[in-house]
Amino acid sequence: MSRPETVFTGPELCTLSAREAVRLLKAREISPDELLEASLERIEQVNPAVNATVVHCEGRARESIARLDERCLAAAHEPGWLAGLPVGIKDLIDVAGLPNTCGSPALKDNVPDCSDALVDRLEARGAVIAGKTNTPEFGAGGNTFNDVFGFTRNPWNTAMNAGGSSGGSAVALATGEFWLCHGSDLAGSLRTPAAFCGVIGFRPSPGRCGGGPRDLAFAPEAVDGPMARDVLDTALLLDAMCGYDPRHPISLEAPGVPFQAAVRENPGRIRIAFAEDLGGFAPVEGEIREVLRTSLDTVADRDVIVDESCPDLPGLNDTYLTLRGIHYGAVADFLPDEAKAYFKRTLRGNAEFGRNLQAADIFRALRNKTALYEIMRRFLESHDVLALPVTGIAPGPVEIEYPPSIDGVEMGDYVEWLRFSFLSTTTGLPSIAMPAGFTPRGLPVGIQLIGPPRGEARLLQVARAVEERLNLPTGPIDPLVSD
C-alpha cells in the first residue's frame, strides 16, 4: 500500500531537511538556538508516546552553542560542517558530561569525563549534541528496550517495536525530534530500525566513521554510522563523521571528493542484483516480498537494470556467528561483574557463546571471511549493488523481543531473524537500509543495498536514484498512537 495518511503538528523548523537547516544556519537566517528550541519542543511533544530520546541535555547544548564559533571556526570550511545543528547520539558511546548507560542499570549513574573520538569530531564540525537516544542493553538486540528507560515504540504504530539497537535514533528522526542521528551496527543495528521506522540507516566500511568499541578498537565488525530521513542528508552526516583519528586505529582519511558532492554526480547506468531471500539464506514473509518486488519494478527503467541474481555464500551463517561471538566474548564478557549481574538472558548467552568458542572455529571463520569477501568483490564487478531485504518480517509487538517464526520457519534465537544483516558485516562492505514501501497494515518496509569495497560514494548514488524513482515522502510524522 502507499504511505498511510499522517500529520505533523510539531514546529515547522523540524520539517526542514538537515542540509536546508545547515544552509540556513550558514546564511544566519536561523540560529542554533532556534533549532534547539524546536528540537526540545518536539521531544517534549512526542517522547511520552515513543520514548526515543532518553538522556536530555539542554544545559550542555546551550553551552555548546555559546562556544560554537570559538570551538569550531577552524572546521567551518569542511564539507561536514554542521554549523550548530542539533543531533542525537545513541546511548552507547561516551559524551562528556552526559550519562552513558548503555541501557544497563549498572551504568545508570555513569557520567564520562571525556567524549568518544567520534563525538569530538562531530562537535568540532559544528554538531550540537541535544540528547541521547535509546538502545537495548549494551546494544544487544533487534528491539529497543532496557531496564533503565523502558521500551521505544514504533512511530507508525506505537503498539509495535522500533527495531534495534539504534531504535531510539530511528524514531527520533521519524518523529522530527532531530534532523540527524548517530547509530551503530553489528547485526543490523542501524539497518533494522531504519527499515521499521521509514528512515535511512547507513552502515559504512569499517574505519570510515572511526573504529570499533573503545576496548576492541581494531575490530571491524561493529561500526558507527549516520542515520537520516533521506539520502542527501545521509551524505551530509557521513561527511561530518568521517576522518582519521589516532584514537581509532583503523579509521580512514576523509575521501578527496566529499560524499555530498559524489552523491549528486550523474550515476550513469545502474546495475542492481536482487536476491529476495539471499538464495534461501533466510525466510521472508509474503508481504515483504511483494513490497520489495513492487519497489524494484518501479525503479527499473532504461538507466536502472534490475536482475534477480545471488552469489553463492558458503558458510556465511557460521562465519558471522563466530565473528559476533568473538566480539561479545571480547567486550561483554570482560565487563565488571556488577554489570554482568544485570545481563538479560540473550546478552548472557552472547557472552557465553563467545567464551566457549574453540580455536578451530575462530580460525575457520577468519579464513572464510576472506573467501566471502572475495566472492562479493567479484560479484560486484558486474553489479553496482546487491539488493535484499533488511528483515524478512514487518515490525512486531513491542513486548516481544524477537519474532518466534517468519513465514512458518521457527526462529531459534534473537539473532536468527536478523540474518539479512550478516553479509555486509562479515565482508566489511558498506550497506544502506532505506524505505521501499508499506505493508497492507501501514507499517514501513525497507530495502537493503550492499555496495562494493569502500564504495560508499557509489552506494549513495544508487540509493539516491532508487529514492528518486520511488518518490516516497520523507518528512517527519506525529506518532500513530495505538489504543
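Author: Arg454 sits in the loop that runs between strand S15 (444–450) and helix H16 (456–470). The model is a predicted one. Arg454 is not a glycine, yet its phi is positive, about 50°. Most residues other than glycine have a negative phi. Is Arg454 buried or exposed? Its relative accessibility is 58%, and the cut-off for exposed is over 50%, so Arg454 counts as exposed.

Now go past the helix that follows this loop. Asn471 lies in the segment after H16. Asn471 also has a positive phi, about 55°, although it is not a glycine. Asn471 counts as exposed because its relative accessibility is 63%.

One residue of that stretch leads back along the chain. Val462 and Gly268 are 194 residues apart in sequence. In space, their C-alpha atoms are 9.6 Å apart. Gly268 belongs to the loop between helix H9 (259–262) and strand S9 (270–274). With 36% relative accessibility, Gly268 counts as partly exposed.

Another backbone feature concerns a peptide bond. The bond from Gly164 to Ser165 is cis, and its omega is near 10°. Most peptide bonds are trans. Ser165 is in the loop between strand S5 (150–151) and helix H6 (167–174).

Next comes the interior. Nonpolar side chains tend to be buried together in soluble globular proteins. Here the largest nonpolar core has 117 residues. Which residues have the most contacts inside it? They are Leu85, Leu278 and Leu449. Helix H8 (residues 231–241) gives this core its largest share, eight residues. A second core is separate and has 26 residues, including Leu40, Ile43, Ala61 and Ala172.

Leaving out residues up to four places away in sequence, Leu85 touches Ala18, Ala21, Val22, Leu25 and Leu35, among others. Its partners also include Gly126, Ala127, Val128, Trp179 and Leu180.

Follow one of those partners. Ala18 is in helix H1 (residues 18–26). Ala18 has a relative accessible area of 0%, so it is buried. Which residues does Ala18 contact, beyond its neighbours within four places in sequence? They are Leu85, Trp179, Leu180, Asp233 and Leu236. Ala18 and Glu44 are 26 residues apart in sequence. From C-alpha to C-alpha, Ala18 and Glu44 are 20 Å apart in space.

Last, a pair of helices. Two packed helices are described by the angle between their axes and the distance between the axes. For helix H2 (residues 32–50) and helix H3 (residues 58–66), the axes come within 10 Å. They cross at roughly 165°. The limit for roughly antiparallel is over 145 degrees, so H2 is roughly antiparallel to H3. The crossing of H2 and H3 is right-handed. On the H2 side, the contact is made by Pro32, Asp33, Leu36, Glu37 and Leu40. On the H3 side, Glu58, Ala61, Arg62 and Ile65 take part. What kinds of residue make up this contact of H2 with H3? Five are nonpolar, four are charged and none is polar.

Definitions and conventions
Residues are numbered from 1 along each chain as its sequence is written. This is a predicted model: local features need pLDDT of at least 70, side-chain atom pairs count only at pLDDT 80 or more; totals for chains, interfaces and linings use all residues. Side-chain values use heavy atoms; hydrogens and water are left out. Helices (H or I, at least four residues) and strands (E, at least two) are DSSP runs, numbered from the N terminus. Buried means under 20% relative accessible area, exposed over 50%, partly exposed in between (1.4 Å probe, protein chains only). Axes are lines fitted to C-alpha atoms, for helices over the stretch in contact, and angles run from 0 to 180 degrees between N-to-C directions. Angles under 35 degrees count as roughly parallel, over 145 as roughly antiparallel, 65 to 115 as roughly perpendicular and the rest as oblique. A crossing is left-handed if the near helix is turned anticlockwise from the far one by less than a right angle, and right-handed if clockwise. Contact means heavy atoms within 4.5 Å. Ala, Val, Leu, Ile, Met, Phe, Trp, Tyr, Cys and Pro count as nonpolar, Asp, Glu, Lys and Arg as charged, and the others, Gly among them, as polar. A nonpolar core is a set of buried Ala, Val, Leu, Ile, Met, Phe, Trp, Tyr and Cys residues joined through side-chain atoms within 4.5 Å.
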